[in-house]
Amino acid sequence: MADGVVLLDTYFSMFGMRARLALAEKGIEYEYKEENLGDKSPVLLEMNPVHKKIPVLIHNGKPICESLIIVQYIDEVWKDNSPLLPSDPYQKAQARFWADFVDKKVYDAGTRMWTTKGDELETAKKDFIEALKLLEAELGEKPYFGGENFGFVDVALITYSSWFFTYETCGNFSVEEHCPKLMEWVKRCMKKESVSKSLADPKKIYDFVLFLKKKRGFE
C-alpha cells in the first residue's frame, strides 16, 4: 500500500469513482473499503464527522473529504505523474468552475430524473440536457476538457456517464441523440484503462436505483 492510502467509498457513487479514477491515473496503490451507507462504519463517522459521507481519502492517517477536493489533493501530492489541473491560474480557475457546474447542475437534474414523475420528470430531463449541451459547447472540438490531455473536468464529469443509462431509462431519452459530441468524448475516455476500470457497471447502477426507488417509494 503506497504511503498508507485508504479510500472509503461505495461502488455506485459517481463521487467515489472520481477518487478511484484519480488514483488510477496517478498509478497509486491503495486499500479500498466499501461502505454500507445504511449502516455507516465507525471509521467513516470518525474520518468525516461533519458530513458523514463518502468518499473519504485517508492518507497517512489523515482524512480528506469531498470528491473534487480529494481529486485536487491527489493531483498536488502526486504531481509528477499525469497532472490533472493546468498550471496556469486562469485555466485552473476555469477547470474548477466547470467541475463545480457539473455538481450543481448535472447532479441535481440527474437525481430528479429518478426521484420524480410527470411534469417534474420532464423538467428534470430538460434541465439535464441543457446542462450537458453547455458542457458539450465547452468541450468544443478538443479531445478532452483538459485539451489534448485528460484532466480535472474530465474526471469530474466522466463518472456521471456510468449513470447515463439510468437517467435515459427513467427519462425515456437518449443522451447521444441530444449531445453526440459529448458521447464521442465518453467513448474516447472509456478507452483509457484508468477510466474503464474505475467506473461502475451502468446496468448494476440501474438495478441499484430500482431498489432505491422501491425502498423510498419513488415508483
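This is a predicted model: local features need pLDDT of at least 70, side-chain atom pairs count only at pLDDT 80 or more; totals for chains, interfaces and linings use all residues.

Q: OK, helices. How do H1 and H3 sit, and at what crossing angle?
A: The axes of H1 and H3 come within 9 Å and cross at roughly 10°. That makes H1 roughly parallel to H3.

Q: Which residues make that contact?
A: From H1, Phe15, Arg18, Ala19, Ala22, Leu23 and Lys26. From H3, Ser67, Leu68, Ile70, Val71, Ile74 and Asp75.

Q: What classes of residue are in the contact of H1 with H3?
A: By class there are eight nonpolar, one polar and three charged residues.

Q: Which residues of H3 are buried?
A: H3 covers residues 67–77. Its buried residues are Ser67, Leu68, Ile70, Val71, Gln72, Ile74 and Asp75.

Q: Now H1 and H4. How do their axes cross?
A: Helix H1 spans residues 14–26 and helix H4 spans residues 89–115. Their axes come within 13 Å and cross at roughly 140°. That makes H1 oblique to H4.

Q: Which residues make the contact there?
A: Met14, Phe15 and Arg18 on the H1 side. Val102, Asp103 and Tyr107 on the H4 side. By class, the contact of H1 with H4 has four nonpolar, no polar and two charged residues.

Q: Arg18 and Asp103 are both in there. What do they form, and how far apart are the closest N and O atoms?
A: They form a salt bridge, with the closest N and O atoms 2.6 Å apart. Asp103 is in helix H4 and Arg18 in helix H1, so the pair ties together parts 85 residues apart in sequence.

Q: Is Arg18 buried or exposed?
A: Arg18 counts as buried, at 0% relative accessibility.

Q: How many salt bridges does the structure hold?
A: The structure holds 13 salt bridges.

Q: What does Asp9 pair with?
A: Asp9 forms a salt bridge with Arg20. The closest N and O atoms are 2.6 Å apart. Asp9 lies in strand E1 (residues 5–9) and Arg20 in helix H1, so this pair joins parts that are 11 residues apart in sequence. Both Asp9 and Arg20 are buried.

Q: What about Asp100 and Lys104, where do they meet?
A: Their side chains meet in a salt bridge at 2.7 Å, N to O. Asp100 and Lys104 are four residues apart in helix H4, so about one helical turn separates them. Asp100 counts as partly exposed at 33% relative accessibility. Lys104 is exposed, with a relative accessible area of 54%.

Q: Which residues are linked in a network of salt bridges?
A: Asp108, Arg112 and Asp127 are linked in one.

Q: Switching to the core. Which residues touch the most other members of the largest nonpolar core?
A: Phe128, Tyr167 and Trp185, out of 65 residues in that core. The largest share comes from H4, with nine residues.

Q: What is Tyr167 in contact with?
A: Skip its neighbours within four places in sequence, and the list is Met14, Gly110, Thr111, Met113, Trp114, Phe128, Tyr160, Asn172 and Phe173.

Q: And the second core, what does it include?
A: It is a separate core of eight residues, including Val6, Leu44, Ile58 and Cys65.

Q: I'm curious about Lys125. Where is it, helix or loop?
A: Lys125 is in helix H5 (residues 118–139). Lys125 has a relative accessible area of 14%, so it is buried.

Q: What does Lys125 touch?
A: Not counting residues up to four places away in sequence, Lys125 touches Met113, Gly171, Asn172 and Phe173.

Q: Last one: where is Gly27?
A: Gly27 is in the loop between H1 and strand E2 (31–34). Gly27 counts as exposed, at 59% relative accessibility.

Q: How far is Gly27 from Ser82?
A: Their C-alpha atoms are separated by 9.1 Å. Along the chain, Gly27 and Ser82 are 55 residues apart.

Notes: Residues are numbered from 1 along each chain as its sequence is written. Side-chain values use heavy atoms; hydrogens and water are left out. Axes are lines fitted to C-alpha atoms, for helices over the stretch in contact, and angles run from 0 to 180 degrees between N-to-C directions. Helices (H or I, at least four residues) and strands (E, at least two) are DSSP runs, numbered from the N terminus. Angles under 35 degrees count as roughly parallel, over 145 as roughly antiparallel, 65 to 115 as roughly perpendicular and the rest as oblique. Contact means heavy atoms within 4.5 Å. Ala, Val, Leu, Ile, Met, Phe, Trp, Tyr, Cys and Pro count as nonpolar, Asp, Glu, Lys and Arg as charged, and the others, Gly among them, as polar. A salt bridge is a side-chain nitrogen of Lys or Arg within 4 Å of a carboxyl oxygen of Asp or Glu. Buried means under 20% relative accessible area, exposed over 50%, partly exposed in between (1.4 Å probe, protein chains only). A nonpolar core is a set of buried Ala, Val, Leu, Ile, Met, Phe, Trp, Tyr and Cys residues joined through side-chain atoms within 4.5 Å.
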